[in-house]
Amino acid sequence: MELLDRFRQALVDGDADEAGRLGGEIAAGTAYSADRILAVLSAAMGEVGARYETGEYFIPEMLRSAAAVEAALQVLDPYLFRQRQEKAGVVVMGTVRGDVHNIGKNIIVSALRAAGYKVYDLGVNVPAAKFAARIEEVGADLLLLSAFTTSTKQALIDVVSTLEEAGLRGRVKIVSGGAAHSPELAREVGVDAFAGDVKSTLAVCRELMGGS
Amino acid sequence: MNSRERFLAVLAGEAPDMVPVVPVLDGYFAPKVIGRPSDLCWLDGNCLVETLAAAQRTFGYDGAVAEMGLGPHPNVLGCRVEVEGNQVPLVVETLVEEARDLAKIAVPDPWRDGKMEPVRGLARELGRDVAILGWVRSPFEYAATVRGLADFFADFYRNPGFAHDLIRACLPATLAVGRALVEAGADAIVMKDSFASTSMISPDHYREFAFPAEAQAISELGRQAPVILHVCRNSMPILPQMAATGAAALEIDSPVDLALAREAVGEGVALKGNIDAVSVMEKGSPADVEMAVKAAMEAAKAGRRFILSTGDSIPVSAPSDNVAALVNSGRKYGKY
């Protein structure tokens, strides 16, 4: 099997050791472009998401693959960065105040990193002011808000109004997602888009960054 | 038969006069019945008693959930919990990062700081006519809480031995809280195993990690009172295994088809469920509630081993008329 195929398989299987080792092999050679490697990473996370949708994978398997992506990127990041001066975009992400769910967020963070984004993960139960400060500090293009529980609507509204007050709202596009949310709620709280899973998050981010 | 007798008859495999109605009406919704904000009641046992008793008197269902409040549950194991606004308590600091932290999980004293008073108080308030249900987390759910859910799930592959040790270390907490609930006046124990759902983990992982601790806890606690096992969202693939834990009833959530569930578990265990707490109770109309209740009765009433319930906690924003419709329709379609 070709090196990139084995790499992709290790990511889908969630074998972090193998993904890291093969990532090292890829970085040691010069055969592959950054775009090609990122396409493999992204396709692997896409397949993991598809397996979850069909009931073949569950949350522990998604987390296992997300960990494999992180292990691979740890090795590959300098190699990719040498080749690509620009990232796909700069993202700040976190779970909003009043919510400590981190599984969905962690998976999305890994999928975005796999797709070439620079992601700043602020963790869970994040106050609105912390989002604003980090957006300003890193010059984020996108803010991704994870909100799992139904009680988080006010927290989403608070983030939007805090960014407006700080004069940052026009500089950053906001995407919200999570089990308790919907496109209607996204419109209601004033964010730019809703994304419900890995695939739609990647598509929405690409679109907001001006891609096709 | 009074409400309590009706409910306990189903759990004991005896014939009730009608289908008992015991919704999951807990600290989320109850405070609203008398206009209290939820956050006060999460941490104030007297407030919980007052609102849970008021809710039962208002709607007239057969059993009341005498919970201690979600906050104190992780709190009994030493997790730091915060409550803000009209919200659910958050565990803001997990307890277990590595193997040596297992020693931090002490067997809690469930009576400390008056934590069992809501149960005792509700039993006193509602007397012997209404069933009192006590609420405890399974060892698996306590383990997820003290470890953090993402790390706990990651441990299934990264370090399964550690996950097993952690679950085992949480068993005494489940047993201590469960026994105290009965001592304080609970007629039945609801053991919550929300994260053992096959909406989250595979049936294989359920069998490996969740089932053994469930079975052990139920075998111990079942000597004191009947145990109802609750698993959130989809539990269809694991229902036969859930029945094999020895639980007196399975509390099943709305994604499960009641008729198929009955087929899967046979007549040896009662089913409690499963009106959709969100799409029907929160977002539907009283007519929608009635339609859902009628369908549930048609699917599961025969055999007299059915308790009408919501699949999960009734959200705070559900209209009170829908709760009334649930009980009234339960009475209308639940006659034998």
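Student: How many salt bridges are there over all chains?
Tutor: Start with the general idea. Side chains of opposite charge can pair when their charged atoms come close. Here the structure is a predicted model. By the rule used, the count over all chains comes to 33 salt bridges.

Student: Show me one. Which residue does A:Arg134 form a salt bridge with?
Tutor: The partner is A:Glu137. Their closest N and O atoms are 3.2 Å apart. That falls inside the cut-off, because a salt bridge needs the nitrogen within 4 Å of the carboxyl oxygen.

Student: Why are A:Arg134 and A:Glu137 separated by about one helical turn?
Tutor: Because they are 3 residues apart in helix 6 of chain A, which covers residues 128–138.

Student: Now the interface. How many salt bridges does the rule find across chain B and chain A?
Tutor: The rule finds 0 there. Polar contacts do occur: the count is 2 residue pairs between chain B and chain A, both at pLDDT 80 or more.

Student: Which elements of chain B supply at least two residues to the side that touches chain A?
Tutor: Strand 3 (90–93), helix 8 (149–158) and helix 10 (203–221) of chain B. Helix 8 gives the most, with 6 residues. By class, that side of chain B divides into 12 nonpolar, 5 polar and 2 charged residues.

Student: How many residues are in contact, and what area is buried?
Tutor: 19 residues of chain B are in contact with 16 residues of chain A. The area buried between the two chains is about 1400 Å². Carbon and sulfur atoms give 63% of that area.

Student: On to pockets. Which residues lie nearest the centre of the second largest pocket?
Tutor: A:Leu63, A:Ala66, A:Ala67, B:Ala154 and B:Arg158. They belong to a lining of 17 residues. The elements giving two or more residues to this lining are helix 4 (59–83) and helix 5 (103–114) of chain A, together with helix 8 of chain B. Helix 4 of chain A has the largest share, 6 residues.

Student: What are the volume of this second largest pocket and the classes of its lining?
Tutor: About 430 Å³ of space lies in the pocket. Its lining has 8 nonpolar, 4 polar and 5 charged residues.

Student: And cavities: how many of 30 Å³ or more does the structure hold?
Tutor: It holds 1. The volume of the largest cavity is about 30 Å³. Residues lining the cavity include B:Trp135, B:Lys192 and B:Glu251. Strand 4 (131–137) and strand 5 (188–192) of chain B each give two or more residues to that lining. The lining divides into 5 nonpolar, no polar and 3 charged residues.

Student: Where does A:Asn125 lie, and what is its phi?
Tutor: A:Asn125 lies in the loop between strand 2 (118–121) and helix 6 of chain A. A:Asn125 is not a glycine, yet has a positive phi of about 55 degrees.

Student: Is the peptide bond from B:Gly273 to B:Asn274 cis or trans?
Tutor: The bond is cis, with omega near -25 degrees. B:Asn274 is found in strand 8 of chain B, residues 270–275.

Terms used
Residues numbered from 1 in each chain as written. Chains lettered and ligands numbered in written order. Predicted model: local features only at pLDDT ≥ 70, side-chain atom pairs only at ≥ 80, totals over all residues. Heavy atoms only, no water. Contact = heavy atoms within 4.5 Å. Buried area = accessible area lost by both parts, 1.4 Å probe. Salt bridge = Lys/Arg side-chain N within 4 Å of Asp/Glu carboxyl O. Polar contact = N/O pair within 3.5 Å; in protein donor to acceptor, adjacent residues only side chain to side chain. Helix = DSSP H or I, 4+ residues; strand = E, 2+ residues; numbered from the N terminus. Nonpolar A, V, L, I, M, F, W, Y, C, P; charged D, E, K, R; others polar. 1 Å grid on protein atoms, 1.4 Å probe; cavity = no way out; pocket = protein on both sides within 12 Å on 5 of 7 lines; lining within 4 Å. Points joined across faces, edges and corners; volume = space filled by probe spheres on them.
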